[in-house]
Amino acid sequence: MFITNNNDNLVKNTSHKVVLPFYLYAAISFLVATILLFFSSSAFTQHYFHPKTLAITHIMALGWGTMMILGASHQLVPVLIEGRLYSIKLAYSSFVLAAVGIPLLVYGFYFFNMGWPAQWGAILINAAILAYLSNLAFSMAKSKKENVHAVFVLTAALWLLLTTLVGLLQVCNFSDTILPNDSLHYLPLHAHIGMIGWFLLLVMGVGSRLIPMFLISKYSNTKLLWVIYALINGGLLTFIIFFLYFPKTSFYFIPVAAILFAIALFGYYCYSSFKQRIRRQVDEQIKISLLSVIMMLLPVILLFIIIGWLLVNTVNTQLVLVYGFVVFFGWITAMIFGMTFKTLPFIVWNKVYHLQAGLGKTPNPKDLFSSRIFNAMGIAYLLGFVLFIIGIYNADNFILKFATAFLVLAALLYNWNVIKILLHKSTKL
Amino acid sequence: MNVITNNNIKCTIALAALQNVVDPEIGLNIVDLGLIYQIDFDEANSKIYVAMTLTTQFCPMGESITGAVKRVLENTFTGMEVQLELTFDPPWSQEMISEEGQKYLNQ
């Protein structure tokens, strides 16, 4: 009678109990990062290897960016691999280990105590990433199908582990000389493996599945995604080889050009999905996510300028600070803003309404948060972001302080909306 | 009616009831979205067989939507058991959306 006779095709969602702590932790981390930024804004008029700058960067990269992505990733793995998450215990372990490790590491940086707090922080973070990576690998091994998106995510997790391992070595190198050079020397290596290998690769792997899905677009181009995958990994490997064995500044244009080309192709992929969408109306969260794709270009352009500058001058500290700020407070933050308010309402909606669906009118997931608070957050964030760049470039502490006040406001409004979603109770049907 | 059935009258009632099941992401009901392929009534065994699809095989709302289909039909046809088959052959496509659905999405 029927064409198929099974319900195994259904995606098995990961329990909200696993995912929501990551979201909450990330939201609080973002608020803490902006508050620290407010009280330490003068650090951004000095060298980028400053304890307070390092502390804030690591809260943003680990507490905000990575915790949010780990949370969303645990939810999205079943969607990506078309199977179940291998272990809930491993997921909880990765949360607990990272949740304890990140504050220890950040404390170590902020007070420049590179003894046990920073070392144990780095060890726990590595253990958390190992738990996440194992969970991902076992989930994929158990899944019946393999696809390009899952390969992106697994490779990104491998790069993340390499990032945190290099970071651990750098931290230990402060106390005992275990690396041929000082820890500052390895900062570009550590930072770019993390930014390109982890964040960029993962965002593209997940985004290439979710953006067409949320736009209800018929566009699909697996070949193009494999080209992007090769360009990013090839570019990053080339950079590592140049950095370790042929550290000639002009050589760095090659990997940066590969990454730029990959971003342009991903932009084309998103644009094609957008053009072939069935649903004409595009919500604000998807608009912000698409905006963050465009924002990927900004740090790469800055990188070209930094390398060009290095050919004729010594390092331009302000440009490097702007570059780091644009990556963590620009691209990654804009991407998370879009991702949070696209995925979190769905997770909570599923938790609250999955047994009531069809029995009466339920609110839409987008009704679980306030769009007015969301818009106000967007305005405060944009003002803070632009002003802060002006402040760094002019080494003006007054502008920096003023800018961070807007960023704190944006973080408060973000947390308000996140808590509003998390505390949502079922409306009477 | 594009839905294959062995009982036109009951199928019309079922589809009217299923219009209450809305894809929460799209905001459109699953009937106008064209997710229902076939509804057959087995009166002798008090069973309703439903063949349906999802807009994407990886839909995270899949469990919620299929659960709602079962609940709605069991509430509408009291005493009948719903057997639901999820299929992606043929896969859902834009052409399956009803005229009303197209109007809604083009707003």
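Predicted model: local features only at pLDDT ≥ 70, side-chain atom pairs only at ≥ 80, totals over all residues.
**Chain B as a whole**

The secondary structure of chain B amounts to four helices and six strands, and read from the N terminus these elements follow the order β-α-β-β-α-β-β-α-β-α. The C-alpha trace of chain B extends over about 45 × 25 × 25 Å along its principal axes. A compact globule with 107 residues would have a radius of gyration near 13 Å, and because chain B has 13 Å, the two agree. Of the 107 residues in chain B, 43% are buried, and among contacts in chain B with a separation of 6 or more, 61% are accounted for by residues 24 or more positions apart.

**The sheet of chain B**

Four strands of chain B make an open sheet in the order β1-β4-β5-β6, with mixed pairing. Its edge strands are β1 (4-5) and β6 (81-86) of chain B, each of which pairs on one side only. Strand β1(B) runs parallel to β4 (residues 36-42) of chain B and is joined to that strand by two bridges; T5(B) has I39(B) in β4(B) as its bridge partner.

| Helix of chain B | Strands touched | Angle between directions |
|---|---|---|
| α1 (residues 8-18) | β1 and β4 of chain B | about 130° with β4(B) |
| α3 (residues 62-76) | β5 (47-52) and β6 of chain B | about 150° with β6(B) |

Strand β4(B) also pairs with β5(B), here in the antiparallel sense and over six bridges, and in this pairing Q38(B) stands opposite A51(B) of β5(B). The two strands β4(B) and β5(B) form a hairpin with four residues between them, and in the turn S46(B) has a positive phi of about 55°.

**The contact between the chains**

Chain A contributes 28 residues to the contact, while chain B contributes 34 residues. On the side of chain A that touches chain B, the largest share comes from α11(A), which supplies three residues. Sorted by class, that side of chain A has 14 nonpolar, 10 polar and four charged residues.

N316(A) lies in the loop between α10 (297-312) and α11 of chain A. Leaving aside residues up to four places away in sequence, N316(A) touches I306(A) and W309(A).

**Helix α13 of chain A**

Helix α13 (residues 397-422) of chain A has 26 residues, and the distance from its first C-alpha to its last is 37 Å, close to the 38 Å expected at 1.5 Å a residue. The buried residues of α13(A) include L400(A), F406(A), L407(A), L413(A), Y414(A) and I421(A), and also the polar residues T404(A) and N417(A). Which helices do the buried residues of α13(A) pack against? They pack against α1 (16-39), α11 (317-353) and α12 (371-394) of chain A.

Note on methods. Residues numbered from 1 in each chain as written. Chains lettered and ligands numbered in written order. Expected span 1.5 Å × (residues − 1). Buried ≥ 20, exposed ≤ 12 C-beta atoms within 10 Å, placed from the backbone. Contact = placed C-beta atoms within 7 Å. Pairing = 2+ DSSP bridges. Axes fitted to C-alpha atoms, helices over the stretch in contact; angles between N-to-C directions. Rg over C-alpha atoms; globule rule 2.2 N^0.38 Å.
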